[in-house]
Amino acid sequence: EEALKILGLHPGYGPEIWADYRDFEEGLLAAATEQAQQVQRVRSLFMRQMALPLPGGERLEEAHATFEGALEPSLRSPEGFAKITGAATPSAAELWQQRKTLEEKLREASRPSMVMVSVESEAQ
């Protein structure tokens, strides 16, 4: 949870942090005595991430579908995957598209230009 607070919205690291946390919680599922509760924890992580304007929404939906499909029938969502993700995904995807251009500009601005690197190398 602490890592999510710090990097959860970062467009580069955020999706990786979310995936690592989900993997950790999914790993606990096999050993859980209360599997339904653990499944809800993992679903909650998927839903929380799907509501955020981050890249990789389609891959996230695929990962969620895979997770739900691998569950025992008694643990699967009675609403089905599409109904669970349908509400959050479109608005988050639209927000990411609005944010994407700005994030790309920030990433480019933070990289040293080749001219600067060349001038600095000659000075040394």
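What share of the 124 residues in the protein chain do buried residues make up? Buried residues (under 20% relative accessible area with a 1.4 Å probe, protein chains only; exposed means over 50%, and partly exposed lies in between) account for 27%. The model is a predicted one, in which local features need pLDDT of at least 70 and side-chain atom pairs count only at pLDDT 80 or more, while totals for chains, interfaces and linings use all residues. Residues are numbered from 1 along each chain as its sequence is written, and side-chain values use heavy atoms, with hydrogens and water left out.

The secondary structure comprises seven helices and zero strands, where helices (H or I, at least four residues) and strands (E, at least two) are DSSP runs numbered from the N terminus. Of the contacts (heavy atoms within 4.5 Å) with a separation of 6 or more, 58% are accounted for by residues 24 or more positions apart.

Gly-14, Pro-15, Trp-18, Arg-22, Glu-25 and Leu-29 are the buried residues of α2. Seen down the helix axis, these fall within an arc of 95 degrees, so they line one face of α2; the arc is taken from the directions from the helix axis to the C-beta atoms. An α-helix has 3.6 residues a turn, so residues three or four places apart point the same way. Turned away from the buried side of α2 is a face with the exposed residues Glu-16, Asp-20 and Gly-27. The cover over the buried residues of α2 includes α1 (2-7), α3 (35-50) and α4 (57-70).

The axes of α2 and α3, as lines fitted to C-alpha atoms over the stretch in contact, with angles from 0 to 180 degrees between N-to-C directions, come within 9 Å and cross at roughly 170 degrees. That makes the two helices roughly antiparallel (over 145 degrees). Among the residues that meet here are Trp-18 and Leu-29 in α2, and Val-42 and Phe-46 in α3.

Helix α4, with 14 residues, reaches 20 Å from its first C-alpha to its last, close to the 20 Å expected. Leu-60, His-64, Phe-67 and Glu-68 are buried in α4. They cover an arc of only 95 degrees around the axis, which puts them on the same side of α4. The face turned away from that buried side carries exposed residues, including Glu-58, Arg-59 and Glu-62.

Definitions and conventions: Parallel < 35°, antiparallel > 145°, perpendicular 65-115°, else oblique. Expected span 1.5 Å × (residues − 1).
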